[in-house]
Amino acid sequence: MNLPHRVTIERQANTPNAYGENVGTWSTFLSRIAARVVHPAGREALAAGANVAEVPARVYIRFRTTVTPQMRLVHGDRTYDIKAVTPVDGGRDWLELSCMSAAL
């Protein structure tokens, strides 16, 4: 499989602020890994009472056991929530990440 794109995978961590309260922040988990980013058609959704265009993506990366749906993916200037992580053809060579990003 050709992997022409570079993506960053981030995970959320709790970091104490100046008052000792835990604040969720995103930090780099995997940086600039090879990927194939595929964009099927976008769709309209109702979010917080306003129409927004959701931008779905399927991202293919080499298999790894450490990527989870609690993470997010950054490709260029767009950030995607990872909705599902699925081995391609049930094997241990490739992962398909089903992602979604709100268009701004």
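This is a chat about a predicted model of one protein chain.

Trainee: What share of the residues is buried?
Mentor: Of the 104 residues in the chain, 27% are buried. As for surface, the chain exposes about 6600 Å², and 46% of that comes from carbon and sulfur atoms.

Trainee: And among contacts between residues at least 6 apart, what share joins residues at least 24 apart in sequence?
Mentor: That share is 50%.

Trainee: Let's go inside. Which residues of the largest nonpolar core touch the most other members?
Mentor: That core has 18 residues, and the ones touching the most other members are Ile9, Val59, Ile61, Val67, Leu73 and Leu97.

Trainee: Which strands supply at least two residues each?
Mentor: Five strands do that: S1 (5–16), S2 (22–38), S4 (50–62), S6 (78–87) and S7 (94–102).

Trainee: Pick Val59. What is it in contact with, leaving aside neighbours within four places in sequence?
Mentor: Val59 is in contact with Ala35, Arg36 and Val37, then Leu73, and also Leu95, Glu96, Leu97 and Cys99. Two of those partners, Leu73 and Leu97, are on the list of core residues that touch the most other members.

Trainee: Switching to strands. In what sense do S1 and S2 pair?
Mentor: Antiparallel, over 11 bridges. Within that pairing, Ile9 stands opposite Leu30 in S2.

Trainee: What's between S1 and S2?
Mentor: Five residues, and the two strands form a hairpin around them. Gly20 sits in the turn and has a positive phi of about 80°.

Trainee: Which residue of S5 does Thr8 stand opposite?
Mentor: Thr8 stands opposite Val74. Thr8 itself is in strand S1, and S1 pairs with S5 (residues 72–75) in the antiparallel sense over three bridges.

Trainee: Is Thr8 buried or exposed?
Mentor: Thr8 counts as buried because its relative accessible area is 17%, and the cut-off for buried is under 20%. Not counting residues up to four places away in sequence, Thr8 touches Thr28, Leu30, Ser31 and Arg32 as well as Arg72, Leu73 and Val74.

Trainee: Now Glu10. Where is that one, and is it buried or exposed?
Mentor: Glu10 is in strand S1. With a relative accessible area of 13%, Glu10 is buried.

Trainee: Which side chain does the Glu10 side chain make a polar contact with?
Mentor: The side chain of Arg72, at 2.6 Å. Beyond residues up to four places away in sequence, Glu10 touches Trp26, Ser27, Thr28, Phe29, Met71, Arg72 and Val74.

Trainee: Back to phi angles. What is the phi of Arg32?
Mentor: Arg32 has a positive phi of about 50°, although it is not a glycine. Arg32 lies in strand S2, and at 58% relative accessibility Arg32 counts as exposed.

Trainee: And what about the phi of Asp89?
Mentor: Asp89, also not a glycine, has a positive phi of about 55°.

Trainee: Where is Asp89 found?
Mentor: In the loop between S6 and S7.

Trainee: Why does Asp89 count as exposed?
Mentor: Because its relative accessibility is 79%, and exposed means over 50%.

How values were computed: Residues are numbered from 1 along each chain as its sequence is written. This is a predicted model: local features need pLDDT of at least 70, side-chain atom pairs count only at pLDDT 80 or more; totals for chains, interfaces and linings use all residues. Side-chain values use heavy atoms; hydrogens and water are left out. A nonpolar core is a set of buried Ala, Val, Leu, Ile, Met, Phe, Trp, Tyr and Cys residues joined through side-chain atoms within 4.5 Å. Buried means under 20% relative accessible area, exposed over 50%, partly exposed in between (1.4 Å probe, protein chains only). Helices (H or I, at least four residues) and strands (E, at least two) are DSSP runs, numbered from the N terminus. Contact means heavy atoms within 4.5 Å. A polar contact is a pair of N or O atoms within 3.5 Å; within protein, one must be able to donate a hydrogen and the other to accept it, and residues adjacent in sequence count only if both atoms are side-chain atoms. Two strands pair if DSSP finds at least two bridges between them. Accessible areas come from the Shrake-Rupley method with a 1.4 Å probe; for residues, only the protein chains shown count as cover.
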